[in-house]
Amino acid sequence: METFSINQIKKRAGKLIERNLQTGRVLDVRFWQPGTIIEIDLHLPQLNMLTWAEVPYIKFRVDALTYRDYTPSCWDAETHTCTIFVDTAHNGPGCIWARNLKQYDTVSYLKTGSSQQKPDSVKSVIALGDESSMGHLLALQQMTLPHTRFGGAMVMNNDKHRKLFSEYFKSPLQTILYKDEYGHNSLMQWVLNQHYTLDDVIFYITGNHTMVVQLRKLLKQQGYSSAQIKAQGFWS
């Protein structure tokens with residue numbers, strides 16, 4: 001009886017939540033070969049992109065009562081269009097949802113929120129991440145350029161994906177191959193090779209949680225302050 005009651009409560013709560021869902025349409029789906037990265041163009045007519053002052057996220061419905069956050073990038077506020085990137089190297093609900101999307105499909109989302117990461121107006125913005133944070137890094141680039149200096153690096157597992165990134169995007173972001181399991185040592189070596197000064201940069205780190213935590217430690221060991229390191233880990 002108790003289990004039944006809990007399940008009923010969950011179903012009722014779910015119905016209340018899903019009454020607030022908004023919808024959009026899939027404009028195109030592109031699989032990066034090998035197909036572990038999916039690029040999805042969306043039209044989200046109810047979304048006001050003019051208000052975005054920090055890197056946003058959108059909480060998409062990927063299954064019944066199941067939601068995943070993805071960062072919109074390369075957006076156009078006038079047409080209410082944007083792109084999301086899904087790293088499908090694992091088999092979670094979000095990956096299955098992305099693999100099954102087709103042009104003209106309807107997508108549902110619950111809300112938009114902020115990662116609380118916004119460009120610094122004085123120091124050079126250095127973005128560091130992995131494939132799972134590609135959309136976040138490109139969103140940060142769109143918010144930063146041309147007003148503030150921007151650069152950075154992203155670790156990727158596949159040379160073909162690195163080539164595609166360079167072909168598709170005019171980006172100061174450099175792509176490097178993993179030399180360690182989570183990528184933090186690879187990114188730290190890249191940072192050391194740039195010879196940044198201690199007081200002129202601010203780092204934005206996003207990606208798998210282990211990489212983010214370890215890279216933050218390595219940067220602090222080099223003398224960068226906590227105020228110069230903005231970190232957000234993803235549990236992937």
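I began with strand β5 (residues 73–76), which runs antiparallel to β6 and is joined to it by 2 bridges; strands here are DSSP E runs of at least two residues, helices are H or I runs of at least four, and both are numbered from the N terminus, while two strands pair if DSSP finds at least two bridges between them. I noted that D76 stands opposite T81 in β6, and that 4 residues lie between the two strands of this β5–β6 hairpin, with H80 in the turn at a positive phi of about 60°.

The model is predicted, so I kept in mind that local features need pLDDT of at least 70 and side-chain atom pairs pLDDT 80 or more, whereas totals for chains, interfaces and linings use all residues. Residues are numbered from 1 along each chain as its sequence is written, and side-chain values use heavy atoms, without hydrogens and water.

On its other pairing, I found β6 joined by 7 bridges to the antiparallel strand β2 (residues 37–43), where D41 stands opposite T83. I then checked burial (buried is under 20% relative accessible area, exposed over 50%, partly exposed in between, with a 1.4 Å probe and protein chains only), and 6 of the 7 residues of β6 (residues 81–87) are buried.

I traced the open sheet of 7 strands in the order β4-β3-β7-β1-β2-β6-β5, with antiparallel pairing. Because β4 (66–70) and β5 stand at the edges with a single partner strand each, one side of each is left without a neighbour in the sheet.
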